[in-house]
Amino acid sequence: MEDERAIKMTLLRSESPAQAWQGIVASALNDTRKITLGLANSLDNYIARKNGGFDWIHWSKEIAQISARFMKTVDALLIGRKTYDGMLAYDQTSYPGAKNYVFTRAKKKSAALKKNLATKKADKNVEIITEDGAKFVKKLKKKKGKGIV
């Protein structure tokens, strides 16, 4: 199904999530705000099934409590477009309590996301980002705020 492929959890197109973030984090190391990589991955280091599914991720009360405590320490979330597509498929337009920056390199996808957001309940916490991720994060880190995930 198209929705299953859209749910594939990836931050940026790369060989692995770690490689995607390596350039972003490396370029912003000397700035003040802390960046934390937040994702779920399997023991064999996958973040989604080949079909994009993430049904192998199991949520528990303990994980919810840990996550809630952590989310109080951040005010900005960096989200890949395909992950955001998955959120929209579940009618989740943002993570509450933080600014959500959705990254896409495709101009057509950017326009489609903005149109999709306009048709859903307006969510002022979401901003679509098409500029270079490393440059954006470097600027974001210089702004005052809590942590970034």
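A residue counts as buried when its relative accessible area is under 20%. The model described here is predicted.

S1 belongs to an open sheet of four strands, ordered S3-S2-S1-S4, with parallel pairing. The edge positions are taken by S3 and by strand S4 (147-148); each has a single partner strand, so one side of each is left without a neighbour in the sheet. In general, the strands of a sheet pair through backbone hydrogen bonds, either parallel or antiparallel.

| Strand pair | Bridges | Direction | A facing pair of residues |
|---|---|---|---|
| S1 and S2 (residues 99-103) | five bridges | parallel | glycine 80 and phenylalanine 103 |
| S1 and S4 | two bridges | parallel | valine 74 and glycine 147 |

In soluble globular proteins, nonpolar side chains tend to be buried together. Here the largest nonpolar core has 12 residues: Val74, Leu77, Ile79, Tyr84, Met87, Leu88, Ala98, Val102, Leu113, Val126, Ile128 and Val149. Two or more of these residues come from each of strand S1 (74-80), helix H4 (81-89) and strand S3 (126-129). Another core lies apart from this one; it has 10 residues, including Phe103, Phe136, Val137 and Leu140.

Phenylalanine 103 stands opposite glycine 80 and belongs to the 10-residue core.

Setting aside residues up to four places away in sequence, methionine 87 touches Ile79, Gln92, Thr93, Ser94, Tyr95 and Asn100.

**Serine 110**

Serine 110 is part of helix H5, which covers residues 107-119. Its relative accessibility is 5%, and serine 110 therefore counts as buried. Beyond its neighbours within four places in sequence, serine 110 is in contact with Thr104, Ile128 and Thr130. The C-alpha atoms of serine 110 and isoleucine 129 are 7.9 Å apart, although 19 residues separate the two in sequence.

Conventions: Residues numbered from 1 in each chain as written. Predicted model: local features only at pLDDT ≥ 70, side-chain atom pairs only at ≥ 80, totals over all residues. Heavy atoms only, no water. Core = buried A, V, L, I, M, F, W, Y, C linked by side-chain atoms within 4.5 Å. Buried < 20%, exposed > 50% of the residue type's maximum accessible area, 1.4 Å probe, protein only. Contact = heavy atoms within 4.5 Å. Pairing = 2+ DSSP bridges.
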